[in-house]
Amino acid sequence: MNKIIREWLKIVAGLFVFSFGVHLTIFANIGLAPWDCLGMGISYHTPFNYGISMTFIALIVLGIDLLLKEKIGFGTVIDAILTGNFVQFFNSINPLEQNQILWVGIVIMLVGFVFMALGMAIYMKAQQCCGPRDSLLVGLGKRLPKVPIGIVEILLWGVVLLIGWLLGGPVGIGTLISTFGAGIVMQIVYSLMHFDPRTLEHRDVIAVIKEIAAEKNQHRKKPVDTLQ
């Protein structure tokens with residue numbers, strides 16, 4: 001159980017670092033990535049702030065993942081609940097005025113990508129499955145086997161971005177940079193870290209529960225020392 005708890009703490013720590021990176025991409029003020037654009041757009045038309053809006057989006061996507069029978073881990077659930085609220089926390093405590101200079105915004109966004117990549121690496125090393133949006137992409141990819149996964153991702157992002165834009169979410173050069181640049185920065189960071197996510201073996205909720213149960217049974221079976 002201690003091992004599982006340490007993994008959960010690693011997931012939370014990774015999401016905290018990742019969320020700081022997302023906050024920087026918002027603070028850059030040059031346009032948002034598709035999912036963030038949607039979350040911000042929803043916040044403009046509801047009583048909810050960005051964090052709660054993103055949490056609702058994540059939980060809805062998590063429900064779709066379940067319907068698609070994708071592998072769901074504790075990491076997926078923790079991601080859905082915490083990430084948007086962590087980002088909102090950073091948005092709320094940042095005392096600086098939002099950036100108004102384009103080149104400064106680009107630099108801030110690129111730094112944000114670095115923190116996002118670092119956070120994802122910490123989070124994924126717990127090996128308790130990916131976030132809801134990644135699972136959705138995988139699920140859609142399986143159901144469109146003749147369509148390259150990159151095209152599926154572009155189509156998904158396109159739909160999300162369109163809805164976000166119609167709701168008034170910020171779209172700009174940062175949206176384009178996020179769509180194509182985040183993956184490049186991630187690859188550079190992971191190369192420097194000698195980290196390859198493809199080598200990880202993720203366990204879903206059921207597998208982790210079985211681990212916990214097996215550990216408890218093992219403790220019960222240990223011989224009790226008796227007084228001589």
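Mentor: Happy to! Lys-3, Glu-7, Arg-203 and Glu-211 are linked in a network of salt bridges, a salt bridge being a side-chain nitrogen of Lys or Arg within 4 Å of a carboxyl oxygen of Asp or Glu. Before we go on, please keep in mind that this is a predicted model, in which local features need pLDDT of at least 70, side-chain atom pairs count only at pLDDT 80 or more, and totals for chains, interfaces and linings use all residues. Residues are numbered from 1 along each chain as its sequence is written, and side-chain values use heavy atoms, leaving out hydrogens and water.

The structure holds 6 salt bridges. One of them joins the side chains of Lys-3 and Glu-211, at 3.5 Å from N to O. Lys-3 lies in helix α1 (residues 2-27) and Glu-211 in helix α9 (residues 205-221), so this pair ties together parts that are 208 residues apart in sequence. Helices here are DSSP runs of H or I with at least four residues, numbered from the N terminus.

Glu-211 also forms a salt bridge with Arg-203, with 2.8 Å between the closest N and O atoms. Arg-203 meets Glu-7 as well, again through a salt bridge, at 2.8 Å from N to O. Arg-203 lies in the loop between α8 (173-193) and α9, while Glu-7 lies in helix α1, so the pair ties together parts that are 196 residues apart in sequence.

How covered are these side chains? Buried means under 20% relative accessible area, exposed over 50%, and partly exposed in between (1.4 Å probe, protein chains only). Arg-203 is buried because its relative accessible area is 13%, and Glu-7 is buried too. Lys-3, at 40%, is partly exposed, and Glu-211 is partly exposed at 29%.

Now for the helix. Phe-48, Ile-52, Phe-56, Leu-59 and Ile-81 form a nonpolar patch on the surface, with about 410 Å² of accessible area together. Helix α3 (residues 50-67) gives the largest share, 3 residues. Patches take residues with over 30% relative accessible area and no salt bridge, joining like charges within 9 Å and nonpolar side chains (Val, Leu, Ile, Met, Phe, Trp, Tyr) within 5 Å. Phe-56 is found in helix α3 and counts as partly exposed at 42%.

Ala-58, also found in helix α3, is buried, at 13% relative accessibility. Leaving aside neighbours within four places in sequence, Ala-58 is in contact (heavy atoms within 4.5 Å) with Ala-80 and Pro-132. Ala-58 and Arg-133 are 75 residues apart in sequence, with 7.3 Å between their C-alpha atoms.

Methods. Accessible areas come from the Shrake-Rupley method with a 1.4 Å probe; for residues, only the protein chains shown count as cover. Helices (H or I, at least four residues) and strands (E, at least two) are DSSP runs, numbered from the N terminus.
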